[in-house]
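Could you walk me through this model in the viewer, one selection at a time? I would like to know what to pick next and what is there.

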Amino acid sequence: MRTSLVRAFARLGLALAVGCATLIAAAPAVQAAEKSWISVRVHGKDVVQGTAYKPFTGQIHSIGSDTHGVVLKIDARKLDPKVIDFALPTSVLGNACTTVTTGVVTCPIGTVPDGDRLSFIALAVNATHKVGPAGSFTLSLTATDELLNPAVFTQQVSVVPSTYDLGAVAADVVGPDGGPIAPGGTGELRFALYNTGDTAIKGIRLWASVERYVTFVDEIPGCTYQSSQFGNYIIWCEDPEVELGPDEAIELAEPLKVKVSTSARGPHVYQGRVGGAALIDTTRYAAGAPSKRAAFTVRPATATQQALVDGDNLDNEAAFDVHVGRNTSDFAVTASGPASGAVGQKVLVTFTLTNKGPAEDYVNFTITAPAGTVIVDGGPGPRPYCMPENPDDMQEPYDPWGETGKLFCSLDDIAPVGRTFTVKVAFKIKKAGTGEGSIIVKGYADPNAANDTATFAITGTKGTSAPASTAKPTAPATTGSAGGDLPTTGSSLTLLITGGVLLLVAGAALLVIGRVRRSRTTA
């Protein structure tokens, strides 16, 4: 449906503002200083001459950890009043701003949770004067934590000649109660495409994408749905007849429903994006050519249309977050055994790690050698990323672990539900006797410790076989022989992993208006 630009922003903004008061809490009076990485940026750079209202959106993103006591400063003193007029916000994300001096405000944000992207209107402008450079404005952040990066962003602004100017805005996807969506549940995506230029444009292309574990439920007539090689789910829609005039916005009559997989990690924030462009926009796809995404052909643009360009193509996309509630994994581990061999020989122990779900998850594990043995590495080959207990034990190029009593390992790939990983490790017997070793696994969201540990025994016997060779092998042995080989398998290959998949996901970090309440519960 078509609506006014201001009304579209109000509908999206007000819907999100309800949750802001509960989500954005001021930092505690006494907050231990931590080290944090947080960024701030601006979307958009140009304004069409004659524009009465254009919003510039800012985005705050905390990366790696929560950032506490965040304060935003907006400084617009370098904007040229002879070229552009502007208005600064009186509040950001539900918190009132304070005027420091003319053209400068500060706005308390509070704690920004790890991974959250908080977007807001940084300032609004009109351009009724003249074409040309209009100066710049700057967003900066401070925090009670020690910031590991300078959180400052300066945006140059220009006024451009008459044309159209499309922009997008989207709201975060949350559950019916305004909180995170339960795994297996659904939420609603609301977004709009608007024109802040002074010229109408006919023929629009829209797209939306979500990360793996999230899919679109609704089937919109005339749109193409597909999954990318990275696991993203994408919608492409084109309509050569729709016309978007100045200060108008296009919204769907009903929000798009999205569904979260039962195997999604949580609490977690999955990213998505929406965007739009004119069909004549050759920076996106060539006008007049058959669409690569939709089921119809874009008609050639007229000469007048071809002369138009988007006044500001840096705000044609908007990012949104899908907030998912708590989900758990359940890793179980077993170990083969018992094993035995003569002093100086190597024996092989097989470990199996299985994710029983319901959530896919990453996993770490620790292997401890039995008394009288050490973990050894028999050569290059597929294996998890591991570090010995003492990094000084590491040797290169073919024996990075050296001889160690403990390994700390992780699987680089996420473990799908029901998938079993097999890990084979060789232990060198140093002394006669029987000792007990262990493997302990821990998924990031695994609350069940009962099946996270497995033990195994290795017995060393006094024998007449020659001690294991100390030479560094260049490849795994293929046949057994006397000396330092594996007596039960005839191979000196010490570790092998089977199973696992490589998951790559493409995220979006553009713009979202608002913020939602989400669970901070951990397993």
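The tour below goes from disulfides to salt bridges, then to aromatic rings and a surface patch.

Before you start, note that this is a predicted model, in which local features need pLDDT of at least 70 and side-chain atom pairs count only at pLDDT 80 or more, while totals for chains, interfaces and linings use all residues. Residues are numbered from 1 along each chain as its sequence is written, and side-chain values use heavy atoms, with hydrogens and water left out.

**Stop 1: the disulfides**

Begin with the cysteines. A disulfide is taken here as a pair of cysteine sulfur atoms within 2.5 Å, and a search of the whole structure finds three.

Select C97 and C107, whose sulfur atoms are 2.0 Å apart in a disulfide. The torsion about their S-S bond is about 105°, so this disulfide is right-handed. C97 lies in the loop between β8 (95-96) and β9 (98-101) and C107 in strand β10 (residues 104-112), so the pair ties together parts that are ten residues apart in sequence. Strands in this tour are DSSP runs (E, at least two residues), numbered from the N terminus. Both C97 and C107 are buried; buried means under 20% relative accessible area, exposed means over 50%, and partly exposed is in between (1.4 Å probe, protein chains only).

While you are in strand β10, click on G110, which is found there. G110 counts as buried at 6% relative accessibility.

Next, select C223 and C237, joined by a disulfide with an S to S distance of 1.9 Å. The torsion about the S-S bond is about 115° for C223 and C237, so this disulfide is right-handed. C223 lies in strand β20 (residues 223-227) and C237 in strand β21 (residues 233-244), so the pair ties together parts that are 14 residues apart in sequence. Both C223 and C237 are buried.

Then move to C386 and C409, where the S to S distance of the disulfide is 2.0 Å. With 110° about the S-S bond, the link of C386 and C409 is right-handed. C386 is in strand β31 (residues 385-388) and C409 is in strand β32 (residues 406-410), so the pair ties together parts that are 23 residues apart in sequence. C386 is buried with a relative accessible area of 7%, and C409 is buried at 5%.

How are the bonded cysteines of the protein chain paired when numbered in sequence order? The pairing is 1-2, 3-4, 5-6.

**Stop 2: the salt bridges**

Switch to charged side chains. A salt bridge here is a side-chain nitrogen of Lys or Arg within 4 Å of a carboxyl oxygen of Asp or Glu, and the whole structure has 14 of them.

Select D321 and R117, whose side chains meet in a salt bridge at 2.4 Å, N to O. This pair links distant parts of the chain, with D321 in strand β25 (residues 317-324) and R117 in strand β11 (residues 117-126), 204 residues apart. Both D321 and R117 are buried.

Now select E360 and R212, which form a salt bridge at 3.1 Å, N to O. Here E360 is in the loop between β28 and β29 (363-368) and R212 in the loop between β18 (201-210) and β19 (214-216), 148 residues apart. E360 counts as buried at 7% relative accessibility, whereas R212 is partly exposed at 26%.

The charged end of R212 sits over the ring of Y213, 4.5 Å from its centre; the rule asks for NZ of Lys or CZ of Arg within 6 Å of the ring centre and within 35 degrees of the ring normal.

For a network of salt bridges, select K54, D165, D312 and D315. The charged end of K54 also sits over the ring of F56, 5.4 Å from its centre.

**Stop 3: the aromatic rings**Rings of Phe, Tyr and Trp (its six-membered ring) pair if their centres lie within 6.5 Å, with planes under 30 degrees apart counted as stacked, over 60 as edge-to-face and the rest as tilted. By this rule there are eight aromatic pairs. Select F351 and F456: their ring centres are 5.3 Å apart and their planes at 75°, so the pair is edge-to-face. Both F351 and F456 are buried. Finally, colour F216, Y225 and Y233, which form one aromatic cluster.

**Stop 4: a surface patch**

End with W37, I63 and L148, which make a nonpolar surface patch of about 290 Å². Patch residues have over 30% relative accessible area and no salt bridge; like charges are joined within 9 Å and nonpolar side chains (Val, Leu, Ile, Met, Phe, Trp, Tyr) within 5 Å.

Definitions and conventions
Accessible areas come from the Shrake-Rupley method with a 1.4 Å probe; for residues, only the protein chains shown count as cover. Helices (H or I, at least four residues) and strands (E, at least two) are DSSP runs, numbered from the N terminus.
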